[in-house]
Amino acid sequence: MTRQRLRLTLSGVVQGVGFRPFIYRLARSLALGGWIVNAPHGVIVEIEGAPEALQAFLARLPDEKPAHALITALDQREIPPCGELTFEIRHSQLEGEKTALILPDLATCADCLRELFDPSDRRYRYPFINCTHCGPRYSVILSLPYDRPNTTMRAFALCPACRAEYDDPLDRRFHAQPTACPHCGPQLAAWSARGKVLAEREEALQLAEKALRDGQIVALKGLGGFQLLCDARNAESVRALRLRKQRPEKPFAVMLPDLETAQQLCFVDEQEAALLTSAAAPIVLLKRRTTELAETVAPHNPYLGVMLPYTPLHHLLMRDLGFPIVATSGNLSGEPICIDEFEALARLGRIADIFLVHNRPIARAVDDSVACIALGKPLLLRRARGYAPLPVPVPSGTSLPPLIAVGAHQKNTLAIAEAERLILSQHIGDLENAESERAFSQTLRDLAHMHAVQPRLIVCDAHPDYLSTRHAEQLAIEQAVPLLRVQHHHAHALACMAENAIRPPFLAVVWDGTGYGTDGTIWGGEFLQVTAQAFKRIGTWRAFPLIGGEAAAREPRRSALGALWQMYGCALPEWLSDLPTLRAFSAAELSILRQALQRGLNAPYTSSVGRLFDAVASLLDLNQRMSFEGQAAMRLEFAALEAAPNTDESYPFEVTTITTVNGESVRIIDYAQVFEAIMREWRQGVSVADIARRFHQTLCAVILAQARAAALERVALCGGCFQNRLLLAGAVAALRRADFVPFWSAQVPPNDGGIAYGQAIAARRAFDHKEQA
Ligand SMILES: [Zn+2]
Ligand SMILES: [Zn+2]
Ligand SMILES: [Zn+2]
């Protein structure tokens, strides 16, 4: 009988997902000999036997692989047979390149859940139960390859029972690195806000549950960091949490006991249910059905951010409590999430009444992800737990130089890339304070260490004053490599292009809050013609002054006043005297601001659509001062959802074409007519909802008009404004009706959380260009 032997090298997500036991069982079922081993770049398999059996092995491999496994490359070579008759799993190799992909943390699987609540199981009510199909991954890995000594579980020696499962290739816990049981694994403790141990194990859990029932605030050490919890039905508790966390109005997410409760409180369609119960288990924005929960959970908001229990600890807590709880990141507003219990005592000691902690260290902060269903598919708004650090798509045939991209300023993420592999970090946050700056530096070091990339290029935003830019400049000097600065809106466009595999040339509609333009003004309402090598700004909104610069971003009344100034100058028409925007200022404030405008003091010009949303919200008196980013735009979107049916007409708008100094023509869209119509209708008593709806319709009409003028079939809708589902759906429908092909970001947030992704893609093109030159 002829025998053949093959050596296979597989890369992708092939560690920590039950891949080796799967190969073991497959090889044995086909009577093949050989071995499998985890290597830093993936797994290596040698199989030997009859040629037909080898063929069957290769055919069944892709179809039957474990649910969470992802094979990105398979190299196959024939080698001389050596007569091996049995198959075995070998110890991991430590040498070699670190290119294996790291899996995100996965929600508790059905098998573990059954054991958790089975009184006869040895892990009954054990808050750290997990197996090869579920449990912590990214939040416990210290380095590759993914083996227990390289995780934060290394301090816990396996007991004989756990060891037997761990060593048995046919067991669900074979090489489940974080596996543990009540005898050998991590344990809970309840601490007072001063760090005094109040109770341990089951008693600690009960104490925390009692505190929640009594209306207290609990800081819980979760999977990727601390969460702050309180009874979502108790208005007093929610108010106390808002006060102590310094988060007056921004919506809180809630954790509900089960899908049925979610369906009682909110409208949940099939896709939303699938997203809620997925292994990633993000916070999903759902339309509210009732106002049963405290209004202060998400004030003036028709949606609720809902998540289901995703760790055994959450399952125990929610099953015992049986009521909705607020579950928000364990931090002070604007700061990164806490991961260490001693640090948490210091930072959250004034917020929480009691701490429910445990002794399994968290390797890195990974926040809860936030998503919604838009146009029939999941749209990520914050990409972290459950998604990071999975790779993001790279256009086929692209090979990236080894690089680090540092992202923007708000909703910061980082990217690291080499060849066809592009890893986007978890959400870090706004780089506003020393704490987030520290989180940024830590994540930067962590990414470079985990993936062992030696960058040949650093990429950053074109904004000279971003903290991320300054870090990048420093890093480029330290590493003695070039620095590439990528224009903000170009990066947005390239992220959308790479995710959707859009072939250039295409039109990118990039609308967001702010980004540094190539002319030094603040961009944010751009139409870019993107080609394989560059971009051209072919359209934009008429710019207006942002009175007070940064302050304007927090006060919609300032955006509105700036736009009115641009329309009318000093002399506002008489009929505007009772406008809410003007009434939102005192007479003294108005006179100071007028002088500032006349002299052009601290009033940079912007074409931002985000600020136009703010301005309209101010004209309609929906919001004059914001307590969180995006608040005014959200109020306007929600108002529009209440519009009478058939409110589908739009306002007239003017477009003028100007020629720049370079001889290029740019179409300028004027909001003046739109604003005038809005103010007239408001005075006539037309409902705010109808006006808000017509404003959205107008924006869609503008996009369509620009698409026609650009005459490019493919249109990318990108930037933070397209988190607005009404705008996204309206623009997509308008474009499709006119035979354009619209694209939008979904797997990677359309907001600045996707900037690092676009920067990395831009770097590839810049490099190609330079090396050819
Ligand atoms: Zn499991
Ligand atoms: Zn054990
Ligand atoms: Zn942006």
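Predicted model: local features only at pLDDT ≥ 70, side-chain atom pairs only at ≥ 80, totals over all residues.
1. The numbers below are all computed from it.

2. Let's start with the zinc ion (ligand 1). Its protein donors are the SG atoms of Cys109, Cys112, Cys131 and Cys134, which sit 2.3 to 2.4 Å away. The angles among the 4 donor atoms run from 103 to 121°, and the site is tetrahedral. Along the sequence, the donor residues show the spacing C-x2-C-x18-C-x2-C. One pair here links distant parts of the chain: cysteine 112 belongs to helix H3 (residues 110-116), while cysteine 134 is in the loop between H3 and helix H4 (160-167), 22 residues apart.

3. Next comes the zinc ion (ligand 2). Cys159, Cys162, Cys181 and Cys184 coordinate it through their SG atoms at 2.2 to 2.3 Å. The arrangement is tetrahedral because the 4 donor atoms subtend angles of 104 to 116°. The donor residues of this zinc ion (ligand 2) are spaced C-x2-C-x18-C-x2-C. Cysteine 159 has a relative accessible area of 13%, so it is buried. Cysteine 162 has 1% relative accessibility and therefore counts as buried.

4. While you're looking at cysteine 162, have a look at helix H4. Which residues are buried in H4? Cys162, Glu165 and Tyr166 are. Looking down the axis of H4, you'll find its buried residues within an arc of 100°, so they line one face of the helix.

5. Histidine 488 and aspartate 752 are both buried.

6. How many cavities of 30 Å³ or more does the structure hold? There are 8. The largest cavity has about 160 Å³ of space. Its lining is made of 21 residues, with Pro127, Leu223, Thr311, Pro312 and Arg360 nearest the centre. Strand E8 (218-221) and helix H9 (312-321) each supply at least two lining residues, and H9 gives the most, with 3. By class, the lining has 12 nonpolar, 7 polar and 2 charged residues.

7. Two cis peptide bonds are worth a look. One joins alanine 388 and proline 389, with omega about 5°; proline 389 is in the loop between strand E16 (377-382) and strand E17 (400-405). Another runs from proline 504 to proline 505, with omega near 0°. Proline 505 is in the loop between H13 and strand E22 (506-516).

8. Finally, check two alanines with positive phi. Alanine 281 has a phi of about 45° although it is not a glycine, and its place is the loop between helix H8 (270-276) and strand E11 (283-287). Alanine 281 counts as buried because its relative accessibility is 2%. Alanine 480 has phi near 50° and is in the loop between helix H12 (467-479) and strand E21 (483-486). At 68% relative accessibility, alanine 480 counts as exposed.

Technical notes:
Residues numbered from 1 in each chain as written. Chains lettered and ligands numbered in written order. Heavy atoms only, no water. Donors = N, O, S within 2.8 Å, 3.2 Å for Na, K, Ca; no water. Tetrahedral: all angles 85-135°; square planar, octahedral: opposite > 155°, others 65-115°. Helix = DSSP H or I, 4+ residues; strand = E, 2+ residues; numbered from the N terminus. Buried < 20%, exposed > 50% of the residue type's maximum accessible area, 1.4 Å probe, protein only. 1 Å grid on protein atoms, 1.4 Å probe; cavity = no way out; pocket = protein on both sides within 12 Å on 5 of 7 lines; lining within 4 Å. Points joined across faces, edges and corners; volume = space filled by probe spheres on them. Nonpolar A, V, L, I, M, F, W, Y, C, P; charged D, E, K, R; others polar. Arc of directions from axis to C-beta.
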